[in-house]
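Here are some notes to read alongside the sequence and the structure. Each point takes up one topic, and the points can be checked in turn.

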Amino acid sequence: MQHIDDPHHPRGYRELRSKAEMRNLLNRKVAEQNRQCAICEVAFTNYGDIVPDHIDPRGMGGAWRDDHPDNIQAVHFWCNGEKGSTRKY
């Protein structure tokens, strides 16, 4: 994981994760979410359908990615596609 100083971010930094680190975080999120999609709340049935979703996407207010655990949720790839670049809240 890489910390990048960002004075415009509320934490003062952003986190970037490798694909392997993101997969580990995604596995943790799946367990925390009781194996349900954070958007449609339907249970995951195929591990290949699960993707990480940025709750606060980079297209919303900033051009930089933030892979901090508080900004990631596990979702179906089709739910993520329908959501696009919109905030969850």
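1. Contact here means heavy atoms within 4.5 Å. The model is a predicted one. Leaving aside neighbours within four places in sequence, D66 is in contact with H9, R11, R14, E15, H54, N71 and I72. D66 itself belongs to the loop between strand 3 (50–54) and strand 4 (72–76).

2. Is D66 buried or exposed? Its relative accessibility is 8%, so D66 counts as buried, the cut-off for buried being under 20%. The side chain of D66 also has a polar partner: a polar contact of 3.0 Å links it to the side chain of H9.

3. Another aspartate to look at is D6, in the loop between strand 1 (2–5) and strand 2 (13–16). With a relative accessible area of 12%, D6 is buried. Its side chain makes a polar contact with the side chain of R14, at 3.1 Å. Not counting residues up to four places away in sequence, D6 touches G12, Y13 and R14. R14 is also among the residues in contact with D66.

4. Y13 has a charge placed over its ring. The charged end of R11 sits there, 4.9 Å from the ring centre. R11, like R14, is on the list of residues that D66 contacts.

5. For the overall layout, the protein chain has two helices and four strands. Read from the N terminus, the order of elements is β-β-α-β-β-α. Of the contacts in the protein chain with a separation of 6 or more, 60% are between residues 24 or more positions apart. Buried residues make up 35% of the 89 residues in the protein chain.

6. Which residues make up the largest nonpolar core? There are eight: L26, V30, C37, F44, I50, A74, V75 and C79. Helix 1 (19–32) and strand 4 each supply at least two residues of this core. As background, nonpolar side chains in soluble globular proteins tend to be buried together.

7. C37 is one of the core residues. Leaving aside its neighbours within four places in sequence, C37 is in contact with V42, F44, A74, V75, H76 and C79. Among these, F44, A74, V75 and C79 are also listed in the core.

8. How many disulfides are there? The count comes to zero. C40 is in no disulfide, and the nearest cysteine sulfur to its own is that of C79, 3.7 Å away.

9. The structure holds one aromatic pair. The ring centres of F77 and W78 are 5.0 Å apart and the planes are at 80 degrees, so the pair is edge-to-face; planes over 60 degrees apart fall in that class. F77 counts as partly exposed, at 45% relative accessibility. W78 counts as partly exposed too, at 39%.

Technical notes: Residues numbered from 1 in each chain as written. Predicted model: local features only at pLDDT ≥ 70, side-chain atom pairs only at ≥ 80, totals over all residues. Heavy atoms only, no water. Buried < 20%, exposed > 50% of the residue type's maximum accessible area, 1.4 Å probe, protein only. Polar contact = N/O pair within 3.5 Å; in protein donor to acceptor, adjacent residues only side chain to side chain. Disulfide = S-S within 2.5 Å. Core = buried A, V, L, I, M, F, W, Y, C linked by side-chain atoms within 4.5 Å. Phe/Tyr/Trp six-rings, centres within 6.5 Å; stacked < 30°, edge-to-face > 60°. Lys NZ or Arg CZ within 6 Å of the ring centre and 35° of its normal.
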